[in-house]
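The sequence and the model are shown below.

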Amino acid sequence: MKENKFLNDEIKRSLPRSLSEDEQNKIILNIQNGIKVNEMKTKLIESNLRVVVDIAKKYEKYFENEKDAVAIGALGLIRGINTFDYGSKTEILTHIEKSIENQLLKFLKGV
């Protein structure tokens, strides 16, 4: 299999950095308290785009274009951020990883 330089290098360099645990917890607390909810969710989406790229790599062989896998995965990330129960004890990363994978699998199944 060819080395996919696009997913490994170009996209990752252009993505925002991941949040520290403390930064993420502050954002989640703001969401729970109804403070700038849309802005906070946008920060969570942007800071977790690297997760999308990492998960999309596992599915890239099923797509004609690796960018498509990332785009579909990004939809799963957005869905995951919007459906996460911010009052639960579940780690947000666990929830969004499942959401990203589910979105990719749904697309591949044609659902």
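Is Lys26 buried or exposed? Lys26 is exposed, because its relative accessible area is 51%, a value over the 50% cut-off. The model is a predicted one, and a search of the whole structure finds four salt bridges.

Lys26 takes part in one of these salt bridges, with Asp22 as its partner and 3.5 Å between the closest N and O atoms. Both residues belong to helix 2 (residues 21–32), where a spacing of four residues separates them by about one helical turn. Asp22 has a relative accessible area of 47% and is partly exposed.

A further salt bridge joins the side chains of Glu101 and Lys58, at 2.9 Å from N to O. This pair links distant parts of the chain: Glu101 lies in helix 6 (residues 92–109) and Lys58 in helix 4 (residues 49–59), with the two residues 43 apart. Glu101 is partly exposed, its relative accessible area being 23%.

The side chains of Arg17 and Glu23 also meet in a salt bridge, with an N to O distance of 2.6 Å. Arg17 is exposed at 51% relative accessible area, whereas Glu23 is partly exposed at 27%.

| Salt bridge | N to O distance |
|---|---|
| Arg17 and Glu23 | 2.6 Å |
| Glu101 and Lys58 | 2.9 Å |
| Lys26 and Asp22 | 3.5 Å |

Note on methods
Residues are numbered from 1 along each chain as its sequence is written. This is a predicted model: local features need pLDDT of at least 70, side-chain atom pairs count only at pLDDT 80 or more; totals for chains, interfaces and linings use all residues. Side-chain values use heavy atoms; hydrogens and water are left out. Buried means under 20% relative accessible area, exposed over 50%, partly exposed in between (1.4 Å probe, protein chains only).
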